[in-house]
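Here is a friendly walk through a structure that may be new to you. Please keep the model open while you read, and look up each residue as it comes along.

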Amino acid sequence: MTDVDTASHRPASTEPVDEVTYWYGDEPAGRRQRSKAVLEALRIYRAAEVAMRRRTRDSMSMGENELLVLRYLLRDAERQVRPGELTRYLGLSTASTTAILDRLERSGHITRAANPGDRRSIFIQATPRAHAEVRQTLGNMHDRMLAAVIDMTPDESAAVVAFLRRMSDAVDGVALETPAVDSP
């Protein structure tokens, strides 16, 4: 049960309850409740997305990084991608990226092709099998996601996009601004 659900199912009390402001500051109660409801809905969505990604990894017998590589390659199937680009994208070592590419090649999800302009380098491409498997695994979910947003008005779409960008900026900045706390 979510915080929002829990709040609506609490027994009514005759004594006044002080609103907890630890996470949400000293904003007026109505504004704080709306903010909490939005953030809780975002948490619920995020948990559902994490669970979906886990189920997808399990059904495709892949790890998170393998799926990230396929997603990266499938964004633009015609683009020529070098292993170094994937290394930077994943934030891993060259050796770790090579191991991931080896696994994906053995499973038939990628091919390595010589770079005709530089025989010392190669290009990585997703195979037709990878395209088909990803479409089969995620197609129904993408259809349901599209159905959830297709009827939004332009104003609703703009508000959601702006909100998600602000949230992305807020969470992306956390590691940059917050120094690590030393443990005793």
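The numbered points below go from the inside of the model to its surface and its charged pairs.

1. **How to read the model.** This is a predicted model, in which local features need pLDDT of at least 70 and side-chain atom pairs count only at pLDDT 80 or more, while totals for chains, interfaces and linings use all residues. Residues are numbered from 1 along each chain as its sequence is written, and side-chain values use heavy atoms, with hydrogens and water left out.

2. Helices (H or I, at least four residues) and strands (E, at least two) are DSSP runs, numbered from the N terminus.

3. **Leucine 73.** Which residues does leucine 73 contact, leaving aside its neighbours within four places in sequence? They are Val81, Ile110, Ile124, Gln125 and Ala126. Contact here means heavy atoms within 4.5 Å.

4. **Two loop residues.** Serine 61 sits in the loop between α2 and α3. Its phi is near 55°, a positive value in a residue other than glycine. Serine 61 counts as exposed because its relative accessibility is 66%; the classes are buried for under 20% relative accessible area, exposed for over 50%, and partly exposed in between (1.4 Å probe, protein chains only). Threonine 127 belongs to the loop between β2 and α6, and is buried at a relative accessible area of 9%. Not counting residues up to four places away in sequence, threonine 127 touches Gly108, His109, Ile110 and Thr111.

5. **Arginine 57.** This residue of helix α2 is partly exposed, with a relative accessible area of 21%. Beyond residues up to four places away in sequence, arginine 57 touches Met62, Gly63, Glu64 and Leu67.

6. **The aromatic pair.** There is one aromatic pair in the structure. Why is the pair of tyrosine 72 and tyrosine 89 called tilted? The ring centres are 4.4 Å apart and the planes are at 40°, so the pair counts as tilted. Rings of Phe, Tyr and Trp (its six-membered ring) pair if their centres lie within 6.5 Å, and planes under 30 degrees apart count as stacked, over 60 as edge-to-face and the rest as tilted. Tyrosine 72 lies in helix α3 and tyrosine 89 in helix α4, so the pair ties together parts that are 17 residues apart in sequence. Tyrosine 72 is buried at 12% relative accessible area, whereas tyrosine 89 is partly exposed at 30% relative accessibility.

7. **Salt bridges.** How many salt bridges does the structure hold? It holds ten, each being a side-chain nitrogen of Lys or Arg within 4 Å of a carboxyl oxygen of Asp or Glu. In one of them, arginine 53 meets glutamate 49, with the closest N and O atoms 3.3 Å apart. Both lie in helix α2, four residues apart, about one turn of the helix. Arginine 53 is partly exposed at 27% relative accessibility, and glutamate 49 is buried at a relative accessible area of 16%. Helix α6 holds both glutamate 133 and arginine 129, again four residues apart, about one turn of the helix. Their salt bridge has its closest N and O atoms 3.8 Å apart. Glutamate 133 is buried at 17% relative accessible area, while arginine 129 is partly exposed at 44%. Salt bridges that share partners also join Arg46, Glu49 and Arg53 into one network.
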